[in-house]
Amino acid sequence: MDRLSQIPAIENELFTATDVFFKTFRVGKILKQSNAYKAKGIQVVFIFQYLFKLIFAGRSLYMDLKCGSDIGPRKDAFYR
């Protein structure tokens, strides 16, 4: 098995682990208590979790947006 075929499996484990972390430590509730909110659109917890996953996956937001990832939010959501 080559290294490239292992990358999606490792990322799936990483994403599952971050989902468990966010649920266990109630990060969404902490963000609400910190007055982190948006008026409309994608929830703040989803954006925060997406950035969290990018960091641990070793990718940058710039490259993720440049490569045309359809999974995540658009650039404006991150900057707001």
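Hi everyone, let's start with the buried residues of helix H3: Ile47, Gln49, Tyr50, Lys53 and Leu54, where buried means under 20% relative accessible area, exposed over 50% and partly exposed in between, with a 1.4 Å probe and protein chains only. They share one side of H3, because they cover an arc of only 165° around the axis, taken from the directions from the helix axis to the C-beta atoms.

A quick word on the source: this is a predicted model, where local features need pLDDT of at least 70, side-chain atom pairs count only at pLDDT 80 or more, and totals for chains, interfaces and linings use all residues. Residues are numbered from 1 along each chain as its sequence is written, and side-chain values use heavy atoms, leaving out hydrogens and water.

Back to H3, residues 44-57. Helices here are DSSP runs of H or I, at least four residues, numbered from the N terminus. On the face turned away from the buried side of H3 sit the exposed Ile55 and Phe56. Just after H3, Gly58 has a positive phi of about 80°.

Now, how many salt bridges does the structure hold? There are 2, each a side-chain nitrogen of Lys or Arg within 4 Å of a carboxyl oxygen of Asp or Glu. Lys53 pairs with Asp19, with the closest N and O atoms 3.1 Å apart. That pair links H3 to helix H1 (residues 3-24), 34 residues apart in the chain. Lys53 is buried at 16%, while Asp19 is partly exposed at 27%.

Arg59 pairs with Asp64, at 3.6 Å between the closest N and O atoms. Here Arg59 is partly exposed at 35%, and Asp64 is buried at 8%.

Definitions and conventions
Helix = DSSP H or I, 4+ residues; strand = E, 2+ residues; numbered from the N terminus. Expected span 1.5 Å × (residues − 1).
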